[in-house]
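Work through the exercises below with the sequence and the coordinates open. Each task is followed by a solution in steps.

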Amino acid sequence: METSKRLMEIYQRLYDFFGPRHWWPAKTPFEMMVGAVLTQAVAWRNVQTAIGNLEGAGLMDPYKIVRSSDAELEALVRPTRYYRMKSKKLRALAEFIVNNYQGDLQKMFHEEPARLRSKMLEVYGLGEETVDSILLYAGEIPVFVVDQYTKRIFSRLGMIPEKITYRKLQAFFMENLPADHRLYNEYHALIDALGNKVCHLTPRCPECPLGDFCRSFETEKSLRNRNEPKKQNPQKGNKPINTGTKKNNK
Ligand code: SF4
């Protein structure tokens, strides 16, 4: 099957299985950006607590973050672990928006996407996945976000090599799918759902909606069988039960 058709079929299967994911869970584009910075290496509930703290203190605004003290910002984002580093990242992002776009996100997202992307990658603490998430979910710019789940799932499906760079993996999707930010939004969220709930390091293949065309399905099943403890013959101590052919069992 042609790659683009297969990608759309995978999308449809995941959508039918998980339903709409309603990403990104944020009330405003700036709150989405704050969440994208704070979510690194911590559970989402901790991020929600920190977002609530920032809102409660009236700091959900780039200018107000720039004017806040280090001690205040650190205390508010403390629930997200590595809070000193994260408050520095948050401040760097807020300064970027204030200094380049006078705090105006509409102006920021009207910049030519490739140029904006490379400028954002210069900001302290912003890596490719975070920048692309911001472009897609806050800016509604059709940039496909990829992550470790994407790499794991699509290499297990046999559609990409196991070792692939971020940019090559991203290009694989963007060259084979229409440039539609709503499709990219939902697709990335659905991949996250599969990676989070089913395609773990030890995958739960029998529960997977992609099982019938996954190259790794049988391999994982066999692995599980191999890992099961061998049955013992109660008559003869440790000797394994004869599991040979019918002829041998007569
Ligand atoms: S069938 Fe198994 S290995 Fe393949 S994508 Fe699904 S969970 Fe992952």
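The exercises concern a predicted model and go from the whole chain to single residues.

**Exercise 1. Overall make-up**

Task: State how many helices and strands the protein chain has, and what share of its residues is buried.

Solution. 
- Step 1. The secondary structure consists of 14 helices and 0 strands.
- Step 2. The chain has 250 residues, and 26% of them count as buried.
- Step 3. Take the contacts with a separation of 6 or more: 60% of them join residues 24 or more positions apart.
- Step 4. The largest nonpolar core holds 49 residues, and Met33 and Leu90 have the most contacts inside it.
- Step 5. Beyond four places in sequence, Met33 is in contact with Leu93, Ile134 and Ala138.

**Exercise 2. Confidence**

Task: Find where pLDDT stays under 50, and decide how to read the coordinates there.

Solution. 
- Step 1. The mean pLDDT of the chain is 90, with 87% of residues at 70 or more.
- Step 2. Over residues 233–250, pLDDT stays under 50, and the model has 9 contacts beyond four places in sequence for this stretch.
- Step 3. Where pLDDT is low, predicted coordinates should not be read in detail.

**Exercise 3. Backbone exceptions**

Task: Describe the backbone at His22, at the peptide bond from Trp23 to Trp24 and at Gln102.

Solution. 
- Step 1. Start from the rule: most residues other than glycine have a negative phi, and most peptide bonds are trans.
- Step 2. His22 has a positive phi of about 55° without being a glycine. His22 sits in the loop between H1 and H2 and is exposed, because 9 other C-beta atoms lie within 10 Å.
- Step 3. The bond from Trp23 to Trp24 is cis, with omega near -5°. Trp24 is also in the loop between helix H1 (3–18) and H2.
- Step 4. Gln102, not a glycine either, has a positive phi of about 50°. Gln102 lies between helix H6 (83–101) and helix H7 (105–109) and is exposed, with 11 other C-beta atoms within 10 Å.

**Exercise 4. The ligand shell**

Task: List the residues closest to the ligand and say which helices supply at least two residues of the shell.

Solution. 
- Step 1. The ligand is surrounded by 15 residues, the closest being Cys199, Pro203, Cys205, Cys208 and Cys214.
- Step 2. By class, the shell has 10 nonpolar, 2 polar and 3 charged residues.
- Step 3. H10 and helix H13 (217–227) each supply at least two residues of the shell.
- Step 4. The buried residues of H10 (148–156) are Thr150, Lys151, Ile153, Phe154 and Arg156; they pack against helix H11 (166–176) and helix H12 (181–197).

Key. Residues numbered from 1 in each chain as written. Predicted model: local features only at pLDDT ≥ 70, side-chain atom pairs only at ≥ 80, totals over all residues. Buried ≥ 20, exposed ≤ 12 C-beta atoms within 10 Å, placed from the backbone. Helix = DSSP H or I, 4+ residues; strand = E, 2+ residues; numbered from the N terminus. Contact = placed C-beta atoms within 7 Å. Near = placed C-beta within 6 Å. Nonpolar A, V, L, I, M, F, W, Y, C, P; charged D, E, K, R; others polar. Core = buried A, V, L, I, M, F, W, Y, C linked by C-beta atoms within 7 Å. pLDDT = per-residue confidence, 0-100.
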